[in-house]
Amino acid sequence: MWTRRKFLEASCASVGAALTATELVAATHAADDRRPPRKPVRLEDTAVSSARAVLGRQLGERAAAFDLKWISAEDGREVYELSATAGRVMVSGSSGVAICRGAYEYLRHSCNAMITWSGSHLDLPAALPSVEHRRVVSPYKFVQYLNPCTFGYTMAFWDWPRWEHELDWMALHGINLPLAMEGQEAIWQRVWLSLGLTQAEIDEFSTGPAHLPWHRMGNINNLDGPLPQGIIDAKRVLQGKILDRMRELGMKPVAPAFAGFVPQGFKRLHPDTETFTLLWLPEEFKTIPRSTRTFILHPGEQDLYKQIGKKFIDEYKAEYGEVEYYLADTFNELRVPVSEEHRYEDLERFGRTVFESIQAGDPKGTWVMQGWLFVYDSAFWDNSSVEALLRGVPNDRMIIIDYANDLAPAVKTKYAPGQWKTQKAFFGKQWINGMAHTFGGNNNIKGNLALMASEPAAVLTSPDKGNLVGWGMCPEGIENNEVVYELMTDAGWRSEAIDLNTWIPRYCASRYGSCPPAMQEAWTLLRQSAYASHTWMTNQAWQTEPGNHPVSAQIDSGPTFQRAVALFLSCADQLAGNALYRNDLIELVAQAVGGHIDQQLAIAVQAVDARQNEATVDASTRALDWMNRIDALMNLRPDRRLETWTIAARSWAKSPDEAAFYDENARRLITTWGWPELSDYASRVWSGLIRDYYAARWAAWFESRRTSSHFSLDIWQQTWLSSPYRPSTPRPVPDLIAECHQLLAECKAT
């Protein structure tokens, strides 16, 4: 086990001095004090240069054909103007983001081009087409992006090159209000040490890097920690680069703030201070270790709230520069510690106290809060309770991100969909209408395209919309379902509903180079199947823990979807040379075959119960073979390999032991998570994970049932996690198209 002592020794060794952790932080902070202060960024100075740099990175020498200019915003909303003639493109915008958005519209609509997470289609014509002048004003003040969980499920181990690409993607897609959660641990470390806590107490408070989002939201402490000093320091540097680039582009980063959570060691310093002890989802997580409990200050401790809140913001701004917007979530999936007798008074005091802690550090700061707490526990959060929590905060100093508007009542969960209607548009507060799309970072094919195309515009025209200021995309994980994010980012710049009958063919032409009739028909069927679904946690049965009743969750791989995949594959003669076509084909075929794998697993399980050994072997062998073959397809995509994830994690290490720690922490998040109720919540359709974890786990389970031997799922999973990941050899795929045809034919014939 990678102990705290080893962490501290490695951290000290990495700077070549036998320092204690406290001395190391103090030395780092002293060095920081010698840096010149960050200069304020003026939009008119950086809009053109930052946008030009984005286009240069993405288009290379073709960026020289774009003439860029800054113009002022319109009533506080981003605007761009676009025209092209004689092979030159003129784009004007109110920020680097607006200019990039205008340029990307031209690339997509006039050049059949696309820039995505998984790759780009940039086969630009030799002579750039002419277009008439048009002016576009975003109907929103903010186009918001990211969920605190994204910083675990997807971004936990990103380096600067990956972040730089993401910031380019954000700018091109018109995002101007991104969450900026990295680098805060270095600031919190300074704050807690300055208040008298020891490094050991901070270590006990922390988690591993992949689990930081839930630590930051007050859900867990002391899981897979402590956090190595090396990554704390490196993320501090990384966050500085991220924030500098965001500001240059004209984005308004949402920084963290104090929400009331303190280390357990805080009670040593303030024994008379009243705190509440909280456990994450106690009604649902029956096996959650009590050692992960969190501690929140009583709202009556206003002086401590203000002291800690001010100290954090002061340190944050000294390190990173000025901030306007601050994220603080006090009751995210936590039981609210208020008395029934004084419920509304207690709630108002909580809201007022958190806001005043932000105000103490930044008198002009705006509190940003996720609206998920109202969704998670809608039984508690009636109108009077929500109004009480918000009452003590000025309307113009708070923004609520209501991002559950794609969870429809058809989804059979206890969670209520978006709250803006039931909560009276949050009683005058500014709010952002948004969608989550995916939970746990699942990358199965899914998303309600019709809802995404129509709902934002409907809310804009609603007489009950209140103080609506933004449109938001808040997925728990990204790098999946790229059609969803092209559509949702378009919605941030459109006041009218999007007609999918024209939007989808244009999307296909931009993504694949053309949209033949079979492709249009395929997408018509996809819109009727996987892309008509309301989303929640999604996986296929083969991705779940082995058992007697394998069941998939919210996945469409039925007959309509199967026909769509066959039609998509039929376009290979025309489109197989396009990388984005191949990327999509791999995922479509994997999900189609996955439905048949689930059927074979169900047959095998029934045969096991009936002691029909031959049928068990036949069905299970077929299922495992198909799993390994879709694994091989996924291996053709570097972004769909478990090894890519673990290499990124290990790259932060300063020693072999530390590399092993990061490797295990990274794989724990996407497999067992930390306890049984969350096992496979963050499941992935990734090469390596399929053959070495999902298929191997099912194979071990079937073998134990066949031989009547004992099988401990927990021991199997923990054994897999405890050793550094060394991938087995994937099957070769000499011909992608031939293998896809063969797999679909076998499934159809079975």
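User: How do the residues of the largest cavity's lining divide by class?
Analyst: 18 are nonpolar, six polar and four charged. Nonpolar means Ala, Val, Leu, Ile, Met, Phe, Trp, Tyr, Cys or Pro; charged means Asp, Glu, Lys or Arg; the others, Gly among them, are polar. This is a predicted model: local features need pLDDT of at least 70, side-chain atom pairs need 80 or more, and totals for chains, interfaces and linings use all residues. Residues are numbered from 1 along each chain as its sequence is written, and side-chain values use heavy atoms, without hydrogens or water.

User: What volume does the largest cavity have?
Analyst: About 420 Å³. A cavity is a set of points, on a 1 Å grid over the protein atoms alone, where a 1.4 Å probe fits but cannot get out; lining residues have an atom within 4 Å of a point. Points are joined across faces, edges and corners, and the volume is the space filled by probe spheres set on them.

User: Which residues lie closest to its centre?
Analyst: Gln184, Glu185, Trp188, His215 and Arg216, out of 28 lining residues. Elements giving two or more residues are α7 (184-194), α8 (199-205) and α9 (212-216). The largest share is five residues, from α7. Helices are DSSP runs of H or I, at least four residues, numbered from the N terminus.

User: How many cavities are there?
Analyst: The whole structure has 10 of 30 Å³ or more. Of its 17 lining residues, Asn481, Glu482, Tyr531, Asp584 and Glu587 are closest to the centre. α17 (482-491), α18 (500-512), α19 (517-528) and α22 each give two or more residues.

User: And its classes, what are the counts?
Analyst: Eight nonpolar, three polar and six charged residues.

User: Switching to helix packing. At what angle do α20 and α22 pack?
Analyst: About 145°, with axes 10 Å apart, for α20 (559-569) and α22 (579-609). Axes are lines fitted to C-alpha atoms over the stretch in contact, and angles run from 0 to 180 degrees between N-to-C directions.

User: Which residues make the contact?
Analyst: From α20, Phe561, Gln562, Val565, Phe568 and Leu569; α22 residues include Tyr581, Asp584 and His596. Contact means heavy atoms within 4.5 Å. The contact has nine nonpolar, three polar and one charged residue.

User: How do α23 and α26 cross?
Analyst: At roughly 170°, with the axes of α23 (613-634) and α26 (689-707) coming within 9 Å. They are therefore roughly antiparallel, a term for angles over 145 degrees. Among the residues that meet are Leu624 and Met627 in α23, and Trp698 and Phe702 in α26. That contact has 11 nonpolar, three polar and three charged residues.

Note on methods
On a 1 Å grid over the protein atoms alone, a cavity is a set of points where a 1.4 Å probe fits but cannot get out, and a pocket is an open set with protein on both sides within 12 Å along at least five of seven lines; lining residues have an atom within 4 Å of a point. Angles under 35 degrees count as roughly parallel, over 145 as roughly antiparallel, 65 to 115 as roughly perpendicular and the rest as oblique.
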